[in-house]
Amino acid sequence: MDIASRPSEPAENTQVADAAPPPAAPPVIRREDYLPPAWLVPEVALDFRLGLDATKVVAKLSVARNPAGSGASTLRLNGDQIAPLAVRVDGLDVNDWRLDGSDLLVELNGEAHAVEVETALNPAANSQLMGLYASNGMLCTQCEAEGFRRITFFPDRPDVLSTYTVRMSGEKAQFPILLANGNCTASGEGEDGTHWAEWHDPWPKPSYLFALVAGDLVANHAEFTTMGGRKVDLNIWVRPGDEDRTQHAMDSLVNSMKWDEEAFGREYDLDLFNIVAVSDFNMGAMENKGLNVFNTRYVLADPETATDGDYDAVEGVIGHEYFHNWSGNRVTCRDWFQLSLKEGFTVLRDQLFSADMGSEAVKRIEDVRVLRIAQFPEDSGPLAHPIRPDSFQEISNFYTATIYNKGAEVIRMMRTMAGLERFRQGTDLYFERHDGEAATCEDFVKAIEDGARLDLTQFRLWYSQAGTPQVAAEMAHNGTQTVLKLTQTVPATPGQPEKQAMPIPLRVALFDRDTGTHSGEQLIVLDKDSQTFTFDGFTQPPVLSINRGFSAPVAIEFERDSADLVFLAAHDDDPFARYEAMQGLVVQHLVAAVSGKLDDAARAEGRAAIGEAYGSVIADPALDDLMRGELMILPAETYLAEQLPVSDPGAIHAEREALKAWLGRELAAPLKALHDRAVAVAYSREAAARGARKIKTQALVLIACSDPAEGARRAFAQYQAADNMTDRQGALMVLASLDAPERETALADFHDRYEGNALVIDKWFSLQAGALNPKVLEHIAALAQHPDFTMTNPNRVRALYMAAAANPKAFHDASGEGYRMIGDLIRRLDPINAQTAARFVPSLGRWRRIEPVRAAMMRAELERIAALPELSRDVREQVSKSLG
Ligand code: ARG
Ligand code: ZN
């Protein structure tokens, strides 16, 4: 029984409940408290005797006093859930050690010593998936950020760089493949069917980049020759049977290696590059030196099982982890407050790579959509933090859209202000100056400042201030002069009530409404609270196109006529600005609608403008279909909610659905023609065919909204004719939201067809949990009982519950059942996998921005979690900040 279903205690009976002390808050770690390590570890030798439920580790550390350290004689070795079986210093068993919490402290008198510690682990019991764990009979590791301390005692901090030698032995039948970082230097047979391998990584690295993998794996192998002529062996390791689905990942890896040489002058630095796919993984992937470990979902792809979106995600994540070899590994972080140093920069690098591999315009739109859906709400909520945080309780909670995606936007602004050539001089200087070091965000900014010759004094505020800047624009025209007045406000965020004005680079263009052209784009930088910019040469008021290409991660507030937005949606030569005008048109209309500001006439007028713009997007022969598909995507409900201080998710959902149905009716004929045209395009991975698949499902969604019977008919036909997952998933998504007989038939067929293929069964869970079906909550409850559901696989948990939490129809159901479902999940998942459990807290943490009836229920869920005596540091931090 859980707490929710327990009958409540009589009010006077409080003795028992009050007996336990309130749970202690985890300690707060502060950036300003940074101290260099007292001891360094130039070399490490690790010896693993591998077993799924019993692994023995002997770690030999050569330690040396850090000349820049405090001079303390105590060596602090971090540990987590491990015990020291033996401690030896310079070869002698010593008693002069003690435990401080879970850390091991050893007193040392000299300048350098050899410290040896033995530990024993049970990988099969490690459900947290941090440290060494078992997945499908194989062993693998995840050490970032603080997982190495779950393997052995070590100064587990990124500013301690060591050269690693790793020896491992185990049963050959169970672990035929033995991998670690660097190069394999020796291997051989042991007794009783065992074998062993020794690996050496010549590049000094922090412990978070250590990795080991042992299991029954097969490789897709290829070779790459670097610009300097180094021949590199490339392997993508998967479970036998999966090798046919690795070619896209391999192509993406080769493209990444080539691209980094051309775009950033970065060459690979080992003779071997291994990637291993693992089905139990907390995150997307991990950039361990020479041995990247990936969630299977970012490796495996073929047309039958992966959508076009999955292909793009594989390419992006392969690139991301590869690019970390320089931005993360060769230059790493001094401490975890600097996380965005490697993550923000590497996200920017993977974005630029994907843009070069496909459509730059479409990639930019997708990246901004992610930022607005995932990062803007974070920046305006209780968990808001600067891209370089000042404090944390659990670092795993800071692998956020702010650190990653806003971090990338901040560096992109420097690139925009410097221009591409000077920016490259800045990054060249950064790599040259800090190669082999553990650096700070300040080091990065300084290198760009010097190398790109920019003054970034005031720009540094982007690193210290949280919150999405709001830029209000007003335009006045008089005679031939146009005056643009811009005013910025950076909203207060937790711990930061007052903000200073930041430099905001805005690409702008002014359009002549008669000719539909502009006289050139300009980059203006708003760096005061309020500023005016004057433009000459317009005899009538021009149409303003601002923040083109989304040159700054801000929200623009600019009241304007629908006619101007319709104009820009049709004429702007910046594809992002064109998308933005479409979005603006819909946002203005829907925000007015949910705020009760539209009478019948105004609603009809707003819809007519949207219908007109939408109609020309469908018809415009100059648009490619990938771009057309982007322009057809309506603003997300979370983004609409962001526009209001407090919102009613039910009203937003109802208005947005009503608009979709109206568009489907109004444009029925062109949408059906569009769907027919797209259906006739044969499958290929070329842009034109991918575009056709994108608009096919977009059209289907609107057709189904206005005419469910016609939608079901077309969706079922699309499902049955599908020769690829993009079409099949798109059709099933539409069917899952309908109350048609085809729904059950298609869902059952899909499950049968892909039984045993975990990544596709994940889709089966997601599609149902994300559906706009009236019975979606019942469906989710039933899926949680399905034999294929398990709480121990993060992909499966996310497939069901992230989809549910992101589905307003389920999560924000007026009954509060959606909140209860996510609250229960967090409480049940926390002891199994705290990192994954904590990821579900922010959805409930948005309560202050939601109408009062729902807000009270969301808050109550958080309180129910907070009342638990045993909570992980991860969930405790997120819940207490969300309530605070
Ligand atoms: N550095 C990895 C990446 O962005 C993410 C690893 C995060 N892991 C974690 N357990 N928090 O590529
Ligand atoms: Zn990363």
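Domain bounds here come from an automatic or database domain assignment. That assignment divides the chain into domain 1 (3–33 + 755–884), domain 2 (39–216), domain 3 (338–464), domain 4 (470–558), domain 5 (560–664) and domain 6 (667–744). This is a predicted model, in which local features need pLDDT of at least 70 and side-chain atom pairs count only at pLDDT 80 or more, while totals for chains, interfaces and linings use all residues. Residues are numbered from 1 along each chain as its sequence is written, and chains are lettered from A and ligands numbered from 1 in the order in which they are written.

**View 1. Domain 2 and domain 4 in the chain.** The C-alpha centres of domain 2 and domain 4 lie 55 Å apart.

**View 2. Backbone details in two loops.** Glu144 and Ala145 are joined by a cis peptide bond, with omega about 0°, and Ala145 lies in the loop between strand E11 (138–142) and strand E12 (162–171). Asp90, although not a glycine, has a positive phi of about 50°, and its place is in the loop between strand E5 (86–89) and strand E6 (92–93).

**View 3. The crossing of helices H3 and H4.** The axes of helix H3 (residues 308–323) and helix H4 (residues 339–357) come within 9 Å and cross at roughly 135°, the axes being lines fitted to C-alpha atoms, for helices over the stretch in contact, and the angles running from 0 to 180 degrees between N-to-C directions. That angle makes H3 oblique to H4, since angles under 35 degrees count as roughly parallel, over 145 as roughly antiparallel, 65 to 115 as roughly perpendicular and the rest as oblique. Asp312, Glu315, Gly316, Gly319, His320 and Phe323 in H3 meet Thr346, Val347, Arg349, Asp350, Phe353, Ser354 and Met357 in H4, two residues being in contact if their C-beta atoms, placed from the backbone, lie within 7 Å. The residues of this contact divide into four nonpolar, five polar and four charged.

**View 4. The packing of helices H4 and H5.** H4 also packs with helix H5 (residues 360–379), at an angle of about 145° and with the axes 7 Å apart. Here Gln351, Ser354 and Ala355 in H4 meet Glu360, Lys363, Arg364 and Asp367 in H5, and the residues of the contact comprise one nonpolar, two polar and four charged.

**View 5. The crossing of helices H11 and H15.** The axes of helix H11 (residues 575–594) and helix H15 (residues 649–666) come within 9 Å and cross at roughly 130°, and the two helices are therefore oblique to each other. Leu590, Ala593 and Val594 in H11 meet Ala651, Ile652, Glu655, Arg656 and Leu659 in H15. By class, the residues of this contact are six nonpolar, no polar and two charged.

Note on methods. Helix = DSSP H or I, 4+ residues; strand = E, 2+ residues; numbered from the N terminus. Nonpolar A, V, L, I, M, F, W, Y, C, P; charged D, E, K, R; others polar.
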